[in-house]
Amino acid sequence: MTFMKPNRVPTWRASAAALVAIATLSGCATNNPRDPLEPFNRTMFKFNDTIDQAALKPAATAYKKVLPSFVQTGVNNFFGNLSDVWTGANNLMQGKGEQGMSDWTRVALNSTFGIGGLFDIASEAGLKKHNEDFGQTLGYWGVPSGPYLMLPLLGPSTVRDTSGLPVDMAANGWSYVDPSSTRNIGTAIRVIDARANILDASNLMEEAALDRYEFIRDGFLQRRQGQVFDGETSRKALKEANQGPADAKSIRAAYADDDSASPSASPSASPGAAATAPAATPTAPAPTPAATPAVSSETPSK
C-alpha cells in the first residue's frame, strides 16, 4: 500500500453538489428557523433512506453477523487511529493544546504498539479519544451553523459543516492511499463498519419514532451543538468550565461572612449561646497558646 496525491475530484464534486443544492433551495423554504429548507431536506432524506434500506443496512447487518467481534473492533480502531491525526489538528486550531497533543500521542502509541492502529493501546493507557472536524473548529470560533441540511449520501449536516467538508476530505489520510482499488475497498469497509456501529440504535429509532426525519434532525442539531462546545451551550460557557479552581484568597473572600469557624469573632451571637456552654472547671489549667493554637478565619488550618 502506497500513498499518492489526493484525488481532488470527489472533494470538489461533493462541494459543488452541496453548493448547487443550497442554491436551488430558495423556492422551497419553510418558516422553521432551524430547518428553513425542510422540503428539500425531506426529499434527500427519502433518497438516502431508500439507498440505506436497499444496500447499506443489509450489508451492515451481514457484516455484523459474519465477522467476529474482534475483527470489527480492529477495523474500527484502524480507521479511528487515522481520524485521530485530524482530530488532534482541529483541537490545536481550537486552542486546546493539551487535547491536541493527547490525540497525536494516541496516534504514536496505537500506530506502533497497537500494530498500525488495530489495537487501541492509548485508551487503555488513559488517553481519551476525541472526535473533532473542521466544522466543529469553525463553530468553536463563532461561525454560525446556518440552516440544517440533508446531504445526498452523506446524511445530516449544516451549511457551516458542509462548507468545511472539502477541508475534512483533503485531510483524510485514506484518500492518499494507492492503488485506487485498495482505497475504494477500504472506504466501503469504513462506511459499512460505521453503519454497523449504529445498527441497533437505528432499528430502535425506526420502531419508536413517529416522524423519523424530525427525530434525526432534532437529535443531530442537539448533538452537534454539544460537539462544538464539548457539552456546553456556548464558547463562553466552555471557557468558564475550563477555568481552574479558585485560590485560597478568593475562597476566604467568598466566605468572609461565615462566622461558624470563629464563634468569638461574631458580634451577633445570641446571648443564650454562652449560657448553654458548659462551665469551665476552676482547677483545670488554662491551655497555653503554644500548646493549642487558635483557629483564625484569616489563616486556613493545615
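Phe47 lies in helix 2 (residues 38–66). Helices (H or I, at least four residues) and strands (E, at least two) are DSSP runs, numbered from the N terminus. The model is predicted, so local features need pLDDT of at least 70 and side-chain atom pairs count only at pLDDT 80 or more, while totals for chains, interfaces and linings use all residues. Residues are numbered from 1 along each chain as its sequence is written, and side-chain values use heavy atoms, with hydrogens and water left out.

Phe47 has a relative accessible area of 38% and is therefore partly exposed. Buried means under 20% relative accessible area, exposed means over 50%, and partly exposed lies in between (1.4 Å probe, protein chains only). Together with Ile51, Leu153 and Leu154, Phe47 makes a nonpolar surface patch of about 380 Å². Patches are made of residues with over 30% relative accessible area and no salt bridge; like charges are joined within 9 Å, and nonpolar side chains (Val, Leu, Ile, Met, Phe, Trp, Tyr) within 5 Å. Accessible areas come from the Shrake-Rupley method with a 1.4 Å probe, and for residues only the protein chains shown count as cover.

The largest nonpolar core has eleven residues: Leu37, Phe40, Met44, Phe45, Tyr148, Leu149, Met150, Leu151, Tyr213, Phe220 and Leu221. A nonpolar core is a set of buried Ala, Val, Leu, Ile, Met, Phe, Trp, Tyr and Cys residues joined through side-chain atoms within 4.5 Å. At least two residues of this core come from each of helix 2, strand 2 and helix 10. Strand 2 gives the most, with four residues. A second, separate core has seven residues, among them Ala60, Tyr63, Val177 and Ala196. Met44 is in contact (heavy atoms within 4.5 Å) with Met150 and Pro152, leaving aside neighbours within four places in sequence.

Aromatic pairs number seven across the whole structure. Rings of Phe, Tyr and Trp (its six-membered ring) pair if their centres lie within 6.5 Å; planes under 30 degrees apart count as stacked, over 60 as edge-to-face and the rest as tilted. Phe79 and Trp174 form an edge-to-face pair, 5.4 Å centre to centre, with 75° between the planes. Phe79 lies in helix 3 (residues 69–93) and Trp174 in the loop between helix 7 (159–170) and strand 4 (177–178), so this pair ties together parts that are 95 residues apart in sequence. Both Phe79 and Trp174 are buried. The Tyr148 and Tyr213 rings have centres 6.3 Å apart and planes at 70°, so they too are edge-to-face. Tyr148 sits in strand 2 (residues 148–151) and Tyr213 in helix 10 (residues 212–228), 65 residues apart, and the pair links these distant parts of the chain. Tyr148 is buried, at 0% relative accessible area. Tyr213 is buried as well, at 2%. Ring pairs link Phe45, Tyr148, Tyr213 and Phe220 into a cluster.

Side chains of opposite charge can pair when their charged atoms come close. The structure holds 19 salt bridges. In each, a side-chain nitrogen of Lys or Arg lies within 4 Å of a carboxyl oxygen of Asp or Glu. Arg42 and Glu38 meet in one of them (2.8 Å, N to O). Both lie in helix 2, four residues apart, about one turn of the helix. Arg42 is partly exposed at 25% relative accessible area, whereas Glu38 is buried at 16%. The side chains of Lys129 and Asp84 also meet in a salt bridge (2.7 Å, N to O). Lys129 lies in the loop between helix 5 (121–124) and helix 6, and Asp84 in helix 3, so the pair ties together parts that are 45 residues apart in sequence. Lys129 is partly exposed, at 31%, but Asp84 is buried, at 0%. A further salt bridge joins the side chains of Asp218 and Arg217 (3.1 Å, N to O). Asp218 is partly exposed at 27%, and Arg217 is buried at 4%. A network of salt bridges links Arg34, Asp35, Glu38, Arg42, Asp211, Glu214, Arg217 and Asp218.

Two further positions complete the description. Thr137 is found in helix 6 (residues 134–140) and is buried at 4% relative accessibility. Residues up to four places away in sequence aside, Thr137 touches Asn90, Met93 and Gln94. Ala194 belongs to helix 8 (residues 180–197) and is partly exposed at 41%. The C-alpha atoms of Ala194 and Asn76 are separated by 7.9 Å, although the two are 118 residues apart along the chain.
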